[in-house]
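Biologist: Pick one part of this model and give me a close look at the packing there. After that, carry on to whatever else deserves a visit.

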Amino acid sequence: MGRAVTVATCALNQWALDFDGNLERVLRSIEIAKSKGARYRLGPELEICGYGCSDHYYESDTLLHSFQVLAKLLESPVTQDIICDVGMPVMHRNVRYNCRVIFLNKNILLIRPKITLANAGNYRELRWFTPWNKARHVEEYFLPRIVQEVTGQETVPFGDAVLATKDTCLGAEICEELWAPNSPHIEMGLDGVEIFTNSSGSHHVLRKAHTRVDLVNSATAKNGGIYILANQKGCDGDRLYYDGCAMISVNGDTVAQGSQFSLDDVASKVCPYPRVKVNFALSCSDDVAVPTCMPIQWRHHSPEEEICLGPACWLWDYLRRSKQAGFLLPLSGGIDSSATACIVYSMCHQVCLAVKNGNAEVLADARKIVNDETYVPEDPREFCRRIFTTCYMASENSSQDTCNRAKLLAEQIGSYHINLNIDVAVKAIVGIFSMVTGRSPRFSVYGGSSRENLALQNVQARIRMVLAYLFAQLTLWTRGMPGGLLVLGSANVDESLRGYLTKYDCSSADINPIGGISKTDLKNFIQYCIENFQLTSLRSIMSAPPTAELEPLVDGQLSQTDEADMGMTYAELSVYGKLRKIAKAGPYSMFCKLISIWKEICTPREVASKVKHFFRMYSINRHKMTTLTPAYHAENYSPDDNRFDLRPFLYNTTWSWQFRCIDKQVFNLERKEGISHVEDVD
């Protein structure tokens with residue numbers, strides 16, 4: 001005789017790295033399940049940390065905080081007397097898995113790793129996780145101490161297993177496994193499993209929901225049984241929308257359906273490789289007289305030489321293959337745009353040298369670019385004037401010093417240089433706003449608010465982008481020359497990481513040769529150019545403080561500097577960037593590393609404040625990376641959102657759980673030192 005069971009599934013609007021919010025939503029769903037009489041509750045894939053953590057899965061912080069949340073769930077009275085099935089990443093024998101953790105009354109019953117990973121289209125799970133390839137195999141998993149203290153368990157089962165209760169048998173699938181041709185539920189059903197569960201992180205695509213429903217129903221249509229599917233819902237930090245559709249199917253029919261669109265919230269044995277026989281020899285029978293190669297001394301380029309040569313060759317390939325007539329660069333007289341100009345000048349050097357050495361292909365390409373079949377590039381400065389236009393876009397907030405620096409550098413590299421003033425355009429745009437609203441925004445030095453001050457800076461920056469593209473399209477036309485110019489961007493990797501740029505300003509360009517290079521390396525490159533290209537104009541650029549020149553001058557002098565605006569130095573930014581990406585450190589891990597690295601110069605409380613400020617600014621501005629100009633890849637801590645540094649761009653910028661972990665550690669360290677503080681770390 002069959003028995004009735006009450007099971008619950010859910011669709012949760014989880015948010016990547018929002019551990020506080022995710023915990024609260026999981027607990028609330030369990031409360032609702034229990035209130036309905038459910039004895040089993042299924043949640044979405046990776047619900048504890050949020051599915052869209054992307055490269056944050058590399059960070060030990062993500063694993064740590066997930067286990068901390070799990071411990072909270074285990075000890076909560078809400079989770080008593082109901083089997084809870086939650087999703088989180090787990091590291092087992094130094095391999096990272098996408099897992100389900102199933103527990104009952106403070107005891108973990110099973111950790112079930114995902115077998116088939118989603119890796120097509122928007123999914124890149126193989127980037128972060130390893131599929132469990134040991135079918136029907138279970139190993140011992142040693143629990144972290146924070147969980148052991150709650151459960152009293154040292155080890156728990158980890159692997160491909162099912163749960164046998166007194167009255168039935170449950171087997172788990174995870175998202176993609178339902179879509180695979182050899183879904184686990186097939187063999188589980190043949191082995192007597194009656195209830196199949198699936199926790200998903202499945203996003204919305206037009207006409208996709210019916211396929212999902214058909215798959216769930218067909219899973220129980222032949223062998224019978226119950227299939228329960230939970231899914232994530234909402235925007236979890238990037239471009240995808242997870243559309244819920246939690247459902248329950250019995251014997252091939254849907255019996256419960258959740259809403260689709262809603263605002264509710266890894267010793268080894270050596271085996272021989274197969275041999276493919278090829279009837280061919282790579283040596284000759286009489287090879288006595290053939291000389292052997294002697295060792296050579298490898299010549300390593302310095303970082304400055306690499307910057308000089310690598311991006312220059314990249315620019316040349318882009319220019320000739322795009323069939324454009326050259327480049328246009330907004331030249332501000334600062335280090336970044338000057339470094340970009342020097343890279344173009346280096347490209348011109350490489351072209352002239354290649355032609356001098358008899359490279360016919362380079363010569364042919366150069367002739368096509370300048371539209372002259374008889375042209376021979378011999379002088380880098382002359383070639384530069386043909387294919388490179390620089391433009392200084394002054395405003396009433398620009399200093400004469402930066403104008404002079406830009407003009408002198410342009411003269412020394414030979415670029416076609418334009419001086420223009422954007423004030424007329426700025427006044428026109430602001431005038432339209434004032435006419436419509438009756439209000440006139442002011443800079444903060446004139447009594448305006450921070451919002452007014454920022455808006456007035458952004459207007460200037462964005463007008464420069466518009467003008468850059470206009471002059472790129474028509475400058476050669478005014479000179480009686482054919483073709484158009486590629487606009488070059490000049491935002492360095494540190495500014496991008498911090499988000500210290502205006503979205504859609506002149507950092508928005510066709511390509512950016514320095515977008516993957518740090519400010520520190522760019523300064524060293526500028527010094528290299530002074531010494532090797534005799535560009536003496538760079539000396540004054542090197543000595544000047546970096547500035548955006550978007551706020552009014554005070555007594556004709558600069559009142560705005562980059563580092564003051566950012567609240568951190570470029571040197572600090574490089575450290576943050578390398579720890580965040582290369583060392584895979586989240587806020588807490590970065591704090592732990594820096595209290596040691598900076599122990600001679602900062603107290604733990606000061607380190608905490610710096611780390612928090614960086615992560616706040618980084619997360620607030622991460623959305624700017626979605627429109628980042630394609631840049632030459634030069635740094636392993638590049639924040640390139642397109643394919644290298646995959647992260648959400650909508651964060652919970654309070655980082656509440658992570659920052660509390662930092663505060664707790666600061667408190668413990670200060671207590672050891674006998675320091676008393678009541679307030680939280682800023």
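Modeller: Let's go with α22, whose buried residues are W657, Q658, F659, C661, I662, D663, V666 and E670. Buried here is under 20% relative accessible area, exposed is over 50%, and partly exposed is in between (1.4 Å probe, protein chains only). Before going on, keep in mind that this is a predicted model: local features need pLDDT of at least 70 and side-chain atom pairs count only at pLDDT 80 or more, while totals for chains, interfaces and linings use all residues. Numbering runs from 1 along each chain as its sequence is written, and side-chain values use heavy atoms, with hydrogens and water left out.

Helices (H or I, at least four residues) and strands (E, at least two) are DSSP runs, numbered from the N terminus. α22 takes in residues 656-673, and its 18 residues should span 26 Å at 1.5 Å a residue; the end C-alpha atoms are 26 Å apart, which agrees. That expected span is 1.5 Å times one less than the number of residues.

Zoom in on Q658, a residue of α22. Q658 counts as buried because its relative accessibility is 3%. Setting aside neighbours within four places in sequence, Q658 touches L17, F19, H65 and P587.

Now for the rings. Those of Phe, Tyr and Trp (its six-membered ring) pair if their centres lie within 6.5 Å; planes under 30 degrees apart count as stacked, over 60 as edge-to-face and the rest as tilted. That rule gives 23 aromatic pairs. One of them is Y375 with F383, a stacked pair at 6.1 Å centre to centre and 25° between the planes; both residues are buried. There's also an aromatic cluster formed by Y576, W598, F614, F615, Y618, Y651 and W655.

Some rings have a lysine over the face. The cut-off is NZ of Lys or CZ of Arg within 6 Å of the ring centre and within 35 degrees of the ring normal. K519 lies over Y570 at 4.7 Å from the ring centre, and K584 lies over Y58 at 5.6 Å.

F383 leads us to helix α11 (residues 380-387), where the buried residues are P380, F383, C384 and I387. They sit on the same side of α11, because they cover an arc of only 105° around the axis; the arc is that of the directions from the helix axis to the C-beta atoms. Among the elements covering these residues are α8 (303-322), β16 (327-330), α9 (335-356), α10 (360-370), β17 (388-394) and α12 (400-413). At the start of α11, a side-chain oxygen of D379 comes within 3.1 Å of the backbone nitrogen of R381. A polar contact, by the way, is a pair of N or O atoms within 3.5 Å; within protein, one must be able to donate a hydrogen and the other to accept it, and residues adjacent in sequence count only if both atoms are side-chain atoms.

Over in α9 you'll find S337, buried with a relative accessible area of 2%. The side chain of S337 reaches the backbone nitrogen of S332 at 3.1 Å. Leaving out neighbours within four places in sequence, S337 is in contact with L329, P330, L331, S332 and S490.

L46, in the loop between β3 (40-42) and α2, isn't a glycine, yet has a positive phi of about 50°. L46 counts as buried, at 0% relative accessibility. Q534 isn't a glycine either, and has a positive phi of about 55°. Q534 sits in the loop between α16 (519-532) and α17 (538-543), and at 52% relative accessibility counts as exposed.

Last stop is V213, in helix α7 (residues 209-221). V213 is partly exposed, at 30% relative accessibility. V213 and D253 are 40 residues apart in sequence and 9.6 Å apart in space, C-alpha to C-alpha. Beyond neighbours within four places in sequence, V213 is in contact with M247 and T254.

Terms used:
Contact = heavy atoms within 4.5 Å.
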